[in-house]
Amino acid sequence: MSMFEADLELISAGFTAVLGYQVVPPSRGHGLPKLSVQELLKCTYVPRSMEGIDTGEVFDINVKCINGWQITIQVTYDHTIANIKADIEINHDIPARDIRLMFDGSAVEDHQSVRDIGIPKGGRLFLMLRLRGGCPEFQLDPDLLDPPYDYDFTYVREDGNVYCRGGKEYKRPYGWKRIALKVLGKYEDDTWLGPDGIRTQGALGEWPVSYHGTDIQAARSIIASGYRPGPWWFILGKAIYSSPSLDMVEQHYAKSFEHGGNTYKIALQNRINPSPGHFEAVPAAKTWTGAEHWLSPKHDTEKNIHDIRPYGLLFKNIGSYCNLQ
C-alpha cells in the first residue's frame, strides 16, 4: 500500500468516527456519494441562542415522532432546521445525523429557516430516524487532498522560534501529521494563506491559524457546563469555534478513533478571518479550558461566507489501542 493509499484509509476512518457514517476510500466506494471535509465543520454547531432575543419573537413548535413521542422546542422565525436538530441532539441525546424532519408532508433541509418553511406558531414537525446499516454510505473525495503540501510534524520538536501568522502567534502542530487540503484558488484569492514555506514572520493580508475539534460531544459539554461564569457562548449564539491552542483542542475536542491497531485523534488546522464583526476572541480567563477561544459567528457557507477555512487535516497517533485498554 502506498503512502497516499494509507492516508486515504486513515482519513476515512477519522471521518467515520466523527460523522457516524461509514466512509471508505475511493477504491472501495464505487457508486457511493462523495463526502467533503466541510461536513466535519457542521458537527460542532450548537442551537441558536435565545439570550438577547425579544421574548415577543420566541414561540413554541412541536416535534413529534412516529411512535407518538413529542417534544416542544422554542424557536424564532430565524431558526434553521440545523438549529432544531442540534437542540434535539443536545437535550434529548438523539444524534442530529440520524434525524430527518418533515413538515406538511415534505422533507425539510438543514439550511432552511422556520420562516422559509412557513412553520406557524404551535406548528408541528415530524421526526423520522434514519436507519443505520452495516454497508458503506460515502466514499472519501480524494480531490479535496493536496499531497505536495503535506507535512509530518510527528517527530518534529519545538525549535525555540516564535512563529506568526496573520498578526497572531502560530503554534505549529508538533506531534501531528498534517494532510493538506486543496484550497489554492478555492476562494476569491490566496492572500489569506500567505506564502508557502517555513517562516517565522507573518505576511500582509494573511489570516491567523486556528485549530478546531470535531466532536458533537464537545458541543454538548459546552452547553452542559455553561462556560460559567459569563454566558458568552449563549450571547454569541451559533458559531464555529476554534482556538490557537492545539493542546487544548486535543484535550477537550479532538475526536479519538481506532485504526490499524492504533488510537488516533483528528482535528482541523484552519485560517480564520480576523476582520471586525467576523471574529470574536474570548480570553483564556473566561473559558473553562484555560485557553483562548476564537469564534466565527458569521461563517455561513450557504451565504458564501467562509470565515474559517480548513487547510489541513491533523492526525496524532496516541498509542496502541491494545495498550490503552
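**Salt bridges and a pocket**

Okay, let's start with a pair: Arg199 and Glu206 meet through their side chains in a salt bridge, 2.9 Å from N to O. By salt bridge I mean a side-chain nitrogen of Lys or Arg within 4 Å of a carboxyl oxygen of Asp or Glu.

Quick word on what you're looking at: this is a predicted model, where local features need pLDDT of at least 70 and side-chain atom pairs count only at pLDDT 80 or more, while totals for chains, interfaces and linings use all residues. Residues are numbered from 1 along each chain as its sequence is written, and side-chain values use heavy atoms, with hydrogens and water left out.

Back to our pair. Are Arg199 and Glu206 buried or exposed? Arg199 is buried, with a relative accessible area of 14%, and Glu206 is buried too, at 4%. The cut-offs are under 20% relative accessible area for buried, over 50% for exposed, and partly exposed in between, with a 1.4 Å probe and protein chains only. Arg271 joins in as well: Arg199, Glu206 and Arg271 are linked in a network of salt bridges.

The structure holds ten salt bridges, so let me pick out another: Arg115 with Asp78, at 2.6 Å from N to O. That pair links distant parts of the chain, 37 residues apart, with Arg115 in helix H4 (residues 114–117) and Asp78 in the loop between strand E4 (70–75) and helix H3 (81–92). Helices (H or I, at least four residues) and strands (E, at least two) are DSSP runs, numbered from the N terminus. Arg115 is partly exposed at 49%, and Asp78 is partly exposed at 37%.

Then there's Asp110 with Lys85, whose closest N and O atoms are 2.9 Å apart. Here Asp110 sits in the loop between strand E6 (106–107) and H4, and Lys85 in helix H3, 25 residues away. Asp110 is partly exposed at 35%, whereas Lys85 is buried at 8%.

Now the pocket. On a 1 Å grid over the protein atoms alone, a pocket is an open set of points where a 1.4 Å probe fits, with protein on both sides within 12 Å along at least five of seven lines; lining residues have an atom within 4 Å of a point. Which residues lie nearest the centre of the second largest pocket? They are Tyr149, Arg178, Asp196, Gly197 and Tyr311, out of 26 lining residues. Strand E10 (163–165) and strand E12 (177–180) each give two or more residues to that lining.
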